[in-house]
Amino acid sequence: MGRILGIDYGTKRVGLAATDTLQIIASPLETVHAQEVLSYLKAYVQREPVEAFVLGMPKRLSGEATDNTQHVVGFQRKLQKEFPGVPVHLVDERFTSKIAQQTMLAGGLRKKARQDKATVDRISAVIILQSYLESRNI
């Protein structure tokens, strides 16, 4: 079984998470600059078999597109072009940053660590990936 990668795409930073080889648990990987994410993913896919990508899709509470939605759709196209054999699943990412903040608070992270946006992006990627894993088991 290959790993599944979770992606919290932003125009500046991209939070990444991966499952274990049994696809049970999502763990944070890295936060990389948006311009470097494809090269990072290429190198990762060469080291580890990847079965799928799970990409967080930003939406408003009403379900409408946000200002960032078009950037995520563009990135989705790049992923599909660069990795044609790897499916890309979209997951609603509403509230992931808020849940990430609450998770860090509950985990006892200090205020300075909670304010680190790279950490928030990694944890958001974990939440996106974990929600996808849970939706498969329903």
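Buried, as I use the word today, means under 20% relative accessible area, with exposed over 50% and partly exposed in between, for a 1.4 Å probe and protein chains only. At 14% relative accessibility, Gln76 therefore counts as buried.

This is a predicted model, so to speak of local features we need pLDDT of at least 70, and side-chain atom pairs count only at pLDDT 80 or more, while totals for chains, interfaces and linings use all residues. Residues are numbered from 1 along each chain as its sequence is written, and side-chain values use heavy atoms, without hydrogens or water.

Staying with Gln76: this residue is found in helix α2. Helices (H or I, at least four residues) and strands (E, at least two) are DSSP runs, numbered from the N terminus. Apart from neighbours within four places in sequence, Gln76 is in contact (heavy atoms within 4.5 Å) with Leu55, Met57, Val88 and Leu90.

Now the aromatic rings. Searching the whole structure gives 2 aromatic pairs. Rings of Phe, Tyr and Trp (its six-membered ring) pair if their centres lie within 6.5 Å; planes under 30 degrees apart are stacked, over 60 edge-to-face, and the rest tilted.

Tyr9 and Phe75 have ring centres 4.5 Å apart and planes at 15°, so this pair is stacked. Tyr9 sits in strand β1 (residues 3-9) and Phe75 in helix α2 (residues 69-82), 66 residues apart. Both Tyr9 and Phe75 are buried.

For Phe53 and Phe83, the centres are 5.2 Å apart and the planes at 55°, so that pair is tilted. Phe53 lies in strand β4 (residues 50-57) and Phe83 in the loop between α2 and β5 (88-92), so the pair ties together parts 30 residues apart in sequence. Phe53 counts as buried at 0% relative accessibility, and Phe83 counts as buried at 8%.
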